[in-house]
Structures are given as structure tokens and as C-alpha cells.
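Here is a short briefing for a reader new to this structure. Take a look at the chain before reading on.

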Amino acid sequence: MNPLVTIVMPAYNAEKYIHEAIASVVAQTYGNWQLIVIDDCSLDNTQAIAQGFGDARIKVVRNMVNRGIAYGRTKGIALADGEWIAFLDADDKWEKDKLQKQISLLAKRTDAVLLYCGSAFMDENGNRLQYTLAAKEEIGYRELLKQNIISCSSALVRKDVLREIPFPMDDCIHEDFAVWLAILRRGYKAFGVDEPLLVYRLSGKQKSADKRRAALMNWHTYRFIGVPFGLALASMFAYGVNGIVKYGRLAKNEA
């Protein structure tokens, strides 16, 4: 099995990190990929850096006006040639065998439509933290409601499913979480590679000052996809407990 994987990378004013992100794609041991960078009308050198790799597998598309990350992902999916879609944010990076190990799992899970992997974390300056977020062998709809452990930059998704369930253009929700839940609610499972093959960069917008907004967005995500009120409340409680544990461990590592 050697399917073409299209990697979609939305980017806005990402000159500080995007070279490292793209370099982690170029270094992949799995070579059958294309990378579509959606430059969301950046005001810095994002476009020039992305175009500077000189790799024919990399395509840079520039929006004429700023449209947001959900639009960028949707546009990348529309332009994709691959039957599988991976996402990588411009400030994150992959370990070199990320795609290879997911494709190997796909060969065993022939019914899969959504795969993901574990996550390591780094600070804004690229310093790795000790804490890692594990991936479960498989996860279903009810379990994912309690905590979104599928980082968008870790996901590998079948393109035809993403075209049926597009990213919502709604800034008040976690649009990737909404998509994963909508997929799993159809009866699918998400299958994980329990290794930290994604290195997720923590930034100011994701730290303590933003936790209240993140929780509110989580609640709006439940309501957006039609989770019954009682189940949404129970899921929010589990989300809160899991969040306290996760951020407590991250804070300990950052100290």
C-alpha cells in the first residue's frame, strides 16, 4: 500500500516557524506525498520561505484576502490529489517516520477513515517538554466527547469523507473537533499510533489566559453538532477534569 497523501498546511504570518514545519515534511521516510501550503494573505515572508524549498511536491497557494484557518484547510482539501489528507499547522512539526507509521497501520486497518498519533510538545522557542499525550489504539464517538486527543496536525483522513464532512466556517467552535466527532458519530473509529510523532508547539494563545475561551468553544462545538444537552453537560465535566490533568502536567514541565 503506497497511497498518495496530500498534506494541507494553512499559514498566516508564519515566517518564524514554517521552514521547520516544511522541513519535517521533506524529511519524511514516506515519500509519496504532496504538500499544499495555503498562505492566508501573509504580510511577512511566509510565501517566499515556503516557495524556497525547490521541491516539486510542494505547492504554494496564496489567498488574496485573509479567510481563516478553516477556509485554508477546506481549500487545500479541494485542491488535493491524494486519496488521504494529512494536516500540519505551520508552527508544528513531525518526526520523520510519522507518515510511514500511519500508512503501515492503515495496511492493517483497511476499514479506517481516520488515523492519528501521539503528541510531544515544545515551547515557543522549540524546546521539547517531557510530557507527551498518548494515542489510544482506537477511540469512538462517546469517548472522544470527553477529551479531544486527536490533534489536527496528527490526523490522517480519507479525502472522500472530508469532502462529505467539511470544516465548519465558525470561529466560535473547534472546527477540527467538530469534524472528528461527526465522522465517529457515523460509527467509524479513529485508530492511533501510540508514539509522539507530532511535535506540537505551545504558544501564548493556548496557555492559561485562553482556557476559558477554549472551554466555551468546546461547549459550542457540542451544541453545533447536535450533542444532546445532558450528554453535552456530562462531556463538559469530563473535558474539565481531563483538561486540568493535561495542563497541570504541561505546567510542571514548563516550570
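This is a predicted model: local features need pLDDT of at least 70, side-chain atom pairs count only at pLDDT 80 or more; totals for chains, interfaces and linings use all residues.

The chain holds 9 helices and 10 strands. Its radius of gyration is 17 Å, close to the 18 Å that the globule rule gives for 255 residues, so the chain is as compact as a globular protein of that length.

**Overall build**
- The C-alpha trace spans about 50 × 40 × 35 Å along its principal axes.
- Of the 255 residues in the chain, 51% are buried.
- Take the contacts between residues at least 6 apart in sequence: 78% of them join residues at least 24 apart.

**Surface and charge**
- The chain carries 33 positive and 29 negative side chains.
- The centres of the positive and negative sets lie 4 Å apart.

**Helix H7**
- H7 covers residues 175–185.
- This helix is mostly covered, with 10 of its 11 residues buried.
- An α-helix has 3.6 residues a turn, so residues three or four places apart point the same way.
- Glycine 187 follows H7. The phi of glycine 187 is positive, near 105 degrees.

Conventions:
Residues are numbered from 1 along each chain as its sequence is written. Side-chain values use heavy atoms; hydrogens and water are left out. Helices (H or I, at least four residues) and strands (E, at least two) are DSSP runs, numbered from the N terminus. The radius of gyration is taken over C-alpha atoms; the globule rule is 2.2 Å times the number of residues to the power 0.38. Buried means under 20% relative accessible area, exposed over 50%, partly exposed in between (1.4 Å probe, protein chains only). Contact means heavy atoms within 4.5 Å. Lys and Arg count as positive and Asp and Glu as negative; His and the chain ends are not counted. The place of a charge is taken as NZ of Lys, CZ of Arg, CG of Asp or CD of Glu.
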